[in-house]
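Please open the model in your viewer and keep the selection tool at hand. The stops below tell you what to select next and what is there.

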Amino acid sequence: MTETQARALATLRDIDARFHRLFEAVDTADGTAATPSADPLVTLRRARSQIDAALFEHQRRTDDGTLPDGGSCVLQWDPPHTPPRRLTLGPDSDGDSWTRRELEWTGERWRICGRDSVTDVAISAPAEPRYPDPIDPPTIETQLNWIRGTWTHPDPDVLVFDATATTEQGVLGAVDDELRYREAGSPQWATVTDEAELYHHLQQQGQPSIKALSETTLTRHHFTPSPLTR
């Protein structure tokens, strides 16, 4: 990390800490009432969540121990409607052959789904780096921690699974510490008691993203009535 990057990171951490102290003061102030979505506090909370994500990404980039070393090449991409993929090509100990591994993100770790040995490897790459270093996507558990406690916000954060050719967009909200999942067009929401259900959605719809509820087609009303009465 360069000196300029280090200063930028320190500045982000300082801003993040100041936001945290500001929100604590606002939450504990007497007479604080719920504010409309246009309130500046909503913008500040959204900015802080983006800073948290940036800091988390940097931490993952710094601490990630899953990247191979010793001259290995790594290609990572996020295909539509399927989990993130990673392709690694690394030299074997004999120095004459290489091992190609294809990995798939499960929501908590990389799973090897293909491996073979190759020879006569030739590699061409840009002289100057044009792409970020591969890092692990956030785990499902981490993303759940990000949305928990936000339902009381004017525009809560939710976990969103993209629509596919056969499945509508799926939205997961943390309502009063209860995980509730609903697809656009579905007549009711369902309580998620086993996180394994979310890994199934990841396999079918790809890595989910964190969005504000207002950025989806659903509203609070879609998650608060009884599932029996809609």
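This is a predicted model: local features need pLDDT of at least 70, side-chain atom pairs count only at pLDDT 80 or more; totals for chains, interfaces and linings use all residues.

Residues are numbered from 1 along each chain as its sequence is written, and side-chain values use heavy atoms, with hydrogens and water left out. Helices (H or I, at least four residues) and strands (E, at least two) are DSSP runs, numbered from the N terminus.

**The four-stranded sheet**

Select β1, β2, β3 and β4, which form an open, antiparallel sheet in the order β1-β2-β3-β4; two strands count as paired if DSSP finds at least two bridges between them. Because β1 (73-77) and β4 (110-118) each have a single partner strand, one side of each is left without a neighbour in the sheet. β3 and β4 pair in the antiparallel sense over eight bridges, and the bridge partner of R101 is R115, in β4.

**The five-stranded sheet**

Next, select the five strands that form an open sheet in the order β8-β7-β6-β5-β9, again with antiparallel pairing. At its edges stand β8 (190-191) and β9 (209-212), each with a single partner strand, so one side of each has no neighbour in the sheet. β6 and β7 pair over six bridges, and A174 has L179 of β7 as its bridge partner.

**Helices and a loop**

In the loop between β6 and β7, pick D176, which counts as exposed because its relative accessibility is 66%; exposed means over 50%, buried under 20% and partly exposed in between (1.4 Å probe, protein chains only).

**The cores**

Which residues have the most contacts inside the largest nonpolar core? They are L144, L172 and L198, in a core of 15 residues, where a nonpolar core is a set of buried Ala, Val, Leu, Ile, Met, Phe, Trp, Tyr and Cys residues joined through side-chain atoms within 4.5 Å. α3 gives the most to this core, with three residues. Apart from it lies another core, of eight residues, including V158 and F223.
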